[in-house]
Amino acid sequence: MSSICLSLHVHQPFVLRHYSVFDTDNKYFDGYKSREACRRYAMQSILPANQVLVGLLRAFEGRFRFSCSISGTAIDLFARYFPDVLDSFRELADTGCVEFLGMPYSNSLALLYSESAFERQVLRHSERIESVFGQKPSVFRNSELIYGDDLADTVAQLGFTGTLCDGVEDVLGGRSCSRVYCGGSEELPLLLRNQRLTRDVSERFSDRSWDKWPLTAPKFADWLGRFSSPEELVTLVWDYSVFGLQNDYNSGIFDFLRYFPDKVLNQSGLSFITPSEAFTTYPVSDAYRPPHYISSGERNSNLSSWLGNPLQSHAMHNLFVLEDRILDSGDPDLHEDWSRLQACEYFESMSTAPAEIQRLGGWLAPADSPYDSYINYMNICDSLSSRVGVNVGN
């Protein structure tokens with residue numbers, strides 16, 4: 001029997017305020033815009049999606065199951081502004097059919113700059129998930145599915161039994177992504193996202209120029225039904241924003257979600273499985289060793305969405321160079337600000353690639369261009385550095 005491993009993801013960063021060189025306060029985030037972003041995400045996407053999902057989980061009595069990853073900053077924001085969102089996830093957790101995954105607390109790129117900062121974020125996130133939803137994560141997914149062999153080793157040492165990453169054709173070299181692989185010296189088990197099938201929903205669902213439009217639940221289930229080998233395992237990773245934001249209500253996306261599990265389960269030999277169950281059910285078929293970091297980024301599956309130009313690299317460097325001083329300060333508010341500022345979307349807002357500019361649209365920073373985003377962010381870094389007595393330009 002082939003299995004479908006579905007993973008849904010929620011992340012919401014704090015929205016930066018306009019912070020000029022003349023500002024001297026420590027208020028870096030826009031409370032009103034952060035609340036409005038949460039409201040839109042909650043009302044148009046998460047709450048209606050979870051209403052559908054909890055009904056499906058109860059109706060199928062264990063035959064439909066999936067995993068979910070929620071960043072720590074998303075939990076913090078929804079706890080502050082829309083606690084009903086967390087209640088809806090608790091309702092999912094209570095069914096016993098949803099596995100919560102570990103991840104960096106603020107959806108950060110800390111792994112690339114500081115292993116210690118990465119470990120602190122991951123451990124803090126696991127504690128938060130356990131306290132809010134009653135589960136201690138055993139499977140990991142990195143920010144933006146960023147993966148390299150060093151990640152596998154670090155995650156294994158933190159006690160995780162496996163991780164999700166992207167199934168990149170150039171790395172697979174003709175092999176199927178529908179297998180369990182392993183990576184790192186610890187040979188950590190890996191689940192590889194099926195890029196094409198994931199993007200058929202996340203990127204093409206509302207694209208009327210697509211030759212396969214419209215995409216319906218029966219059609220998509222038929223595509224999944226082609227994976228008939230008992231050894232095959234299809235991993236789909238969707239952001240919650242696919243439902244109601246990237247594809248609005250009138251697109252039919254919620255009808256797709258409502259009927260998708262039933263149409264899959266009506267396919268002969270298909271079942272749903274969580275990542276933990278996949279790692280105990282399927283043997284490791286081969287090693288998966290990317291020659292460089294890979295990600296779920298739209299541009300070449302690499303890190304160029306966040307570190308593709310000097311602005312992004314310089315901003316990232318100047319944030320992490322402060323780590324030791326911030327830890328030594330013993331100031332919890334300073335450390336919290338520094339942690340929140342690691343969210344990868346801030347660096348994506350500095351991208352000069354047209355795709356990222358169009359996707360973010362200046363939403364996360366009060367800026368009209370990637371250069372303005374960079375200046376705004378660097379003004380905040382200057383403020384951080386002054387709080388710990390460091391010249392950020394050095």
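The protein chain carries 34 positive and 51 negative side chains, and the centres of the two sets are 5 Å apart. Lys and Arg count as positive, Asp and Glu as negative, with His and the chain ends not counted. Each charge is placed at NZ of Lys, CZ of Arg, CG of Asp or CD of Glu. The model is predicted: local features need pLDDT of at least 70, side-chain atom pairs count only at pLDDT 80 or more, and totals for chains, interfaces and linings use all residues. Residues are numbered from 1 along each chain as its sequence is written, and side-chain values use heavy atoms, with hydrogens and water left out.

The protein chain contains 17 helices and ten strands. These are DSSP runs (helices H or I, at least four residues; strands E, at least two), numbered from the N terminus. The radius of gyration is 21 Å, which agrees with the value near 21 Å for a compact globule of 394 residues. This radius is taken over C-alpha atoms, and the globule rule is 2.2 Å times the number of residues to the power 0.38. Along the principal axes, the C-alpha atoms fill a box of roughly 65 × 45 × 40 Å.

Of the 394 residues, 58% count as buried. Buried means under 20% relative accessible area, exposed over 50%, and partly exposed in between (1.4 Å probe, protein chains only). The chain exposes about 16,000 Å², of which carbon and sulfur atoms supply 47%. Among contacts (heavy atoms within 4.5 Å) between residues at least 6 apart in sequence, 76% join residues at least 24 apart.

The largest nonpolar core has 115 residues. Such a core is a set of buried Ala, Val, Leu, Ile, Met, Phe, Trp, Tyr and Cys residues joined through side-chain atoms within 4.5 Å. Phe78, Phe89, Phe220, Trp238, Tyr240, Phe260 and Tyr288 have the most contacts inside this core. Helix H1 (residues 31–60) provides the largest share, eleven residues. A second, separate core of 13 residues includes Cys5, Leu101, Ala278 and Tyr282. Beyond residues up to four places away in sequence, Phe220 touches Leu197, Asp200, Val201, Leu215, Leu236, Trp238, Phe256 and Phe260.

Arginine 193 lies in strand S7 (residues 188–193). It is buried, at 6% relative accessibility. Its C-alpha atom is separated by 7.2 Å from that of leucine 164, 29 residues apart along the chain. With residues up to four places away in sequence not counted, Arg193 touches Leu145, Cys165, Asp166, Gly167, Cys177, Thr198, Arg199, Thr235, Val237 and Ser296. Serine 296 sits in the loop between strand S10 (284–287) and helix H11 (304–307). Serine 296 is also buried, with 16% relative accessibility.

Leucine 145 belongs to the loop between strand S4 (139–141) and helix H5 (149–157). Phi of Leu145 is near 55 degrees, a positive value in a residue other than glycine. Leucine 145 is buried, at 2% relative accessible area. Asparagine 107, another non-glycine residue with positive phi, has a value near 55 degrees. Asn107 is placed in the loop between strand S3 (98–100) and helix H4 (115–133). Its relative accessible area is 0%, and asparagine 107 is buried.

A cis peptide bond links tryptophan 213 to proline 214, with omega about 0 degrees. Proline 214 occupies the loop between helix H7 (195–202) and helix H8 (217–225).

How values were computed
Accessible areas come from the Shrake-Rupley method with a 1.4 Å probe; for residues, only the protein chains shown count as cover.
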